[in-house]
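I opened the notebook to look up how this chain is held together.

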Amino acid sequence: MDSDYQQLKDTLNPEEQQRLQRYTHQQAQQQFLATRGRLKQLLAGYLEIPPSSIKFELGEHGKPRLAGTMIDCGLVFNVSHSGTVALIAISNNRALGIDVEKINSRHNLQGMVQRCFSHQEQNNWNQLAEPLKTNQFYAYWCAKEAFLKATGRGLALGMQHCVVDLDTPSYISLPESYQTSDWQLQHIDVGNDYRAFVVGSGDTISVINKQFKEGKL
């Protein structure tokens with residue numbers, strides 16, 4: 001057995017081991033193991049404890065956090081994966097969200113834009129040349145999704161109320177009582193086939209871009 005695979009598998013608790021076995025496709029197994037195992041290794045490095053002792057719990061709306069911690073307090077993390085790329089964001093005492101999406105041609109982009117984009121974003125997107133629309137759609141989507149994940153409330157907040165300026169990048173407006181000045185948005189370069197953004201509350205975000213692909217670190 002590959003030593004890296006075994007090291008990652010050793011980080012999993014019995015419940016996670018069972019979850020790993022429930023995946024019927026090898027790629028899905030590798031994706032879960034690489035993402036969960038590497039996350040636990042990174043968190044354990046910060047906390048100076050064995051990776052296998054890391055435990056998680058879910059918030060009210062399903063956002064995972066370290067067991068025994070308060071929302072967005074202490075060591076905070078967020079994870080996203082798409083295709084063969086996974087990204088992990090880690091920070092301290094701040095809300096944090098990350099999203100990566102593999103760019104795929106879709107036939108229903110116009111409908112999704114109408115449902116999930118603000119009027120301003122729709123206008124900007126409709127004015128693009130056709131070859132640019134797919135890439136720009138995923139950029140908007142990732143920037144929005146990263147914020148929704150950071151709040152832990154997901155789609156219930158309404159993607160159309162999270163308005164993005166991709167040139168800056170930054171948020172023009174946000175849903176409910178969230179203030180744009182409280183959130184820092186940053187693009188992550190993971191190659192031409194993907195779009196990715198990370199967002200955090202508070203100060204400027206520093207990005208160390210370490211990618212792992214196809215289940216291997």
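**Entry 1: polar contacts.** I began with a term: a polar contact is a pair of N or O atoms within 3.5 Å; within protein, one must be able to donate a hydrogen and the other to accept it, and residues adjacent in sequence count only if both atoms are side-chain atoms. The model is predicted, so I noted its limits: local features need pLDDT of at least 70, side-chain atom pairs count only at pLDDT 80 or more, and totals for chains, interfaces and linings use all residues. Residues are numbered from 1 along each chain as its sequence is written, and side-chain values use heavy atoms, with hydrogens and water left out.

I looked up Lys133 in helix α6. Helices (H or I, at least four residues) and strands (E, at least two) are DSSP runs, numbered from the N terminus. The side chain of Lys133 makes a polar contact with that of Glu130, at 3.2 Å. Is Lys133 buried or exposed? Lys133 counts as buried, because its relative accessibility is 9%. Buried means under 20% relative accessible area, exposed over 50%, and partly exposed in between (1.4 Å probe, protein chains only). Not counting residues up to four places away in sequence, Lys133 touches Trp125, Asn126 and Leu128. Contact here means heavy atoms within 4.5 Å.

Next came Gln122, in helix α5. Its side chain reaches the backbone oxygen of Phe117 at 3.1 Å. Gln122 is buried too, at 14% relative accessible area. Leaving aside neighbours within four places in sequence, I found Gln122 in contact with Val113, Gln114 and Phe117.

**Entry 2: salt bridges.** A salt bridge is a side-chain nitrogen of Lys or Arg within 4 Å of a carboxyl oxygen of Asp or Glu. How many did the search of the whole structure find? It found 7.

- Glu121 pairs with Lys144, with the closest N and O atoms 2.7 Å apart. This pair links distant parts of the chain, helix α5 (residues 119-126) and helix α6, 23 residues apart. Glu121 is buried, with 0% relative accessible area. Lys144 is also buried at 0%.
- Arg65 meets Glu57 at 3.3 Å, N to O. Glu57 is partly exposed at 28%.
- Lys63 meets Asp72 at 3.6 Å, N to O. Lys63 counts as buried at 14%, whereas Asp72 is partly exposed at 25%.
- Glu16, Arg36 and Lys40 are linked in a network of salt bridges.

**Entry 3: two helices.** I turned to α4 and α6. They pack at an angle of about 35°, with axes 11 Å apart. Axes are lines fitted to C-alpha atoms, for helices over the stretch in contact, and angles run from 0 to 180 degrees between N-to-C directions. Leu109, Met112, Val113 and Cys116 in α4 meet Thr134, Phe137, Trp141 and Lys144 in α6.

**Entry 4: the cores.** A nonpolar core is a set of buried Ala, Val, Leu, Ile, Met, Phe, Trp, Tyr and Cys residues joined through side-chain atoms within 4.5 Å. Which members of the largest one, with 30 residues, touch the most others? They are Phe137, Phe147, Tyr171 and Trp183. At least two residues each come from α4 (109-116), α6 (130-151), β8 (183-187) and β9 (194-201). The largest share, 11 residues, comes from α6. Not counting residues up to four places away in sequence, Phe137 touches Leu109, Met112, Val113, Phe117 and Trp125. A second, separate core of 12 residues includes Val85, Ala89, Tyr194 and Val198.
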